[in-house]
Amino acid sequence: MITYYDDRSVQVTSTAFRVDGRSYALTDITMIWHRRGTRSWRVLVGRGAIGAALAGPLVAAVLGVGVAVWLHRSPTVTIAIVGASVLVGLAVGPVADFLFEHLDRSYARGSRQLEIWARWRGQPVRLLRTGDALRFGQIYRAVQRAVEHSQPARPGTRR
């Protein structure tokens, strides 16, 4: 038996697809397809919030420099305001790596619910539903490989 994918809730082997305690024999599966759901506004708003968190200190720094010039105060006060504004702008540096990592993970997970469907014993059955695009891709490809290898070779073809 070959294992194509295995995690805490899904296992794809050369004989079956198991998910959350249910098992589907690959010999009973005749077709596999996938569906994409609608976009999750929650995920998109989260990405926008990360972008705002990245841009906020930079915008504050630019506004601070503008206010310092607009006030026409003494050079000491102007330099103090510009210096404080630059420090606020530099605050984005240490936080940027953390925020970009979260933004990258957000795109890896995706913004849609993804489903794997199969024709099992003649009936359409939803095998899996997940919002994690990376995991979905790994499982979907594993199921495809398992089904391809479980079907008998056609005459005149080699594996």
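The legends below describe close-up views of a predicted model.

**View 1. Helices H1 and H3 pack against each other**. Helix H1 covers residues 41–71 and helix H3 covers residues 92–109. Their axes come within 10 Å and cross at roughly 165 degrees. Angles over 145 degrees count as roughly antiparallel, which means that H1 is roughly antiparallel to H3. The crossing of H1 past H3 is left-handed. From H1, the residues in the contact are Val43, Arg47, Ile50, Ala53, Leu54, Pro57 and Leu58. They meet Val92, Ala96, Leu99, Phe100, His102, Leu103, Ser106 and Tyr107 in H3. Sorted by class, this contact of H1 with H3 has 12 nonpolar, 2 polar and 1 charged residues.

**View 2. Helices H1 and H2 pack at an angle of about 175 degrees**. Helix H2 runs over residues 75–90, and the axes of H1 and H2 are 7 Å apart. The angle makes H1 roughly antiparallel to H2. On the H1 side, the contact is made by Pro57, Leu58, Ala60, Ala61, Gly64, Val65, Ala68 and Leu71. On the H2 side, their partners are Thr78, Ile81, Val82, Ser85, Val88 and Gly89. The contact of H1 with H2 has 10 nonpolar residues, 4 polar residues and no charged residues. Pro57 and Leu58 of H1 are listed in this contact with H2 and also in the contact with H3.

**View 3. Four strands form an open sheet in the order E1-E2-E3-E4**. The pairing in this sheet is antiparallel. Strand E1 (3–6) and strand E4 stand at the edges with a single partner strand each, so one side of each has no neighbour in the sheet. From one strand to the next, the twist averages 10 degrees. E1 is joined to strand E2 (residues 10–13) by 3 bridges, and Tyr5 has Val12 in E2 as its bridge partner. Helix H4 packs on this sheet and touches E1, E2 and E3. The direction of H4 makes about 155 degrees with that of E1.

**View 4. Strands E3 and E4 form a hairpin**. Strand E3 (residues 16–19) and strand E4 (residues 22–25) run antiparallel and are joined by 4 bridges. Val19 has Arg22 in E4 as its bridge partner. Between the strands lie 2 residues, and Asp20 in the turn has a positive phi of about 45 degrees.

**View 5. Three strands form a further open sheet, in the order E5-E6-E7**. The pairing is antiparallel. Strand E5 (29–39) and strand E7 (123–130) are the edge strands, and each pairs on one side only. Neighbouring strands are turned by 25 degrees against each other on average, with direction ignored. Strand E6 (residues 112–120) pairs with E7 over 7 bridges, and Trp120 stands opposite Gln123 in E7. Helix H4 (residues 133–150) packs on this sheet, touching E5, E6 and E7. The direction of H4 makes about 165 degrees with that of E5.

**View 6. Trp33 and Trp117 form a stacked aromatic pair**. The structure holds 3 aromatic pairs. In the pair of Trp33 and Trp117, the rings are 6.4 Å apart centre to centre, with 15 degrees between the planes. Planes under 30 degrees apart count as stacked. The pair links distant parts of the chain: Trp33 is in strand E5 and Trp117 is in strand E6, 84 residues apart.

Conventions:
Residues numbered from 1 in each chain as written. Predicted model: local features only at pLDDT ≥ 70, side-chain atom pairs only at ≥ 80, totals over all residues. Heavy atoms only, no water. Axes fitted to C-alpha atoms, helices over the stretch in contact; angles between N-to-C directions. Parallel < 35°, antiparallel > 145°, perpendicular 65-115°, else oblique. Left-handed = near helix turned anticlockwise from the far one by under 90°. Contact = heavy atoms within 4.5 Å. Nonpolar A, V, L, I, M, F, W, Y, C, P; charged D, E, K, R; others polar. Pairing = 2+ DSSP bridges. Phe/Tyr/Trp six-rings, centres within 6.5 Å; stacked < 30°, edge-to-face > 60°.
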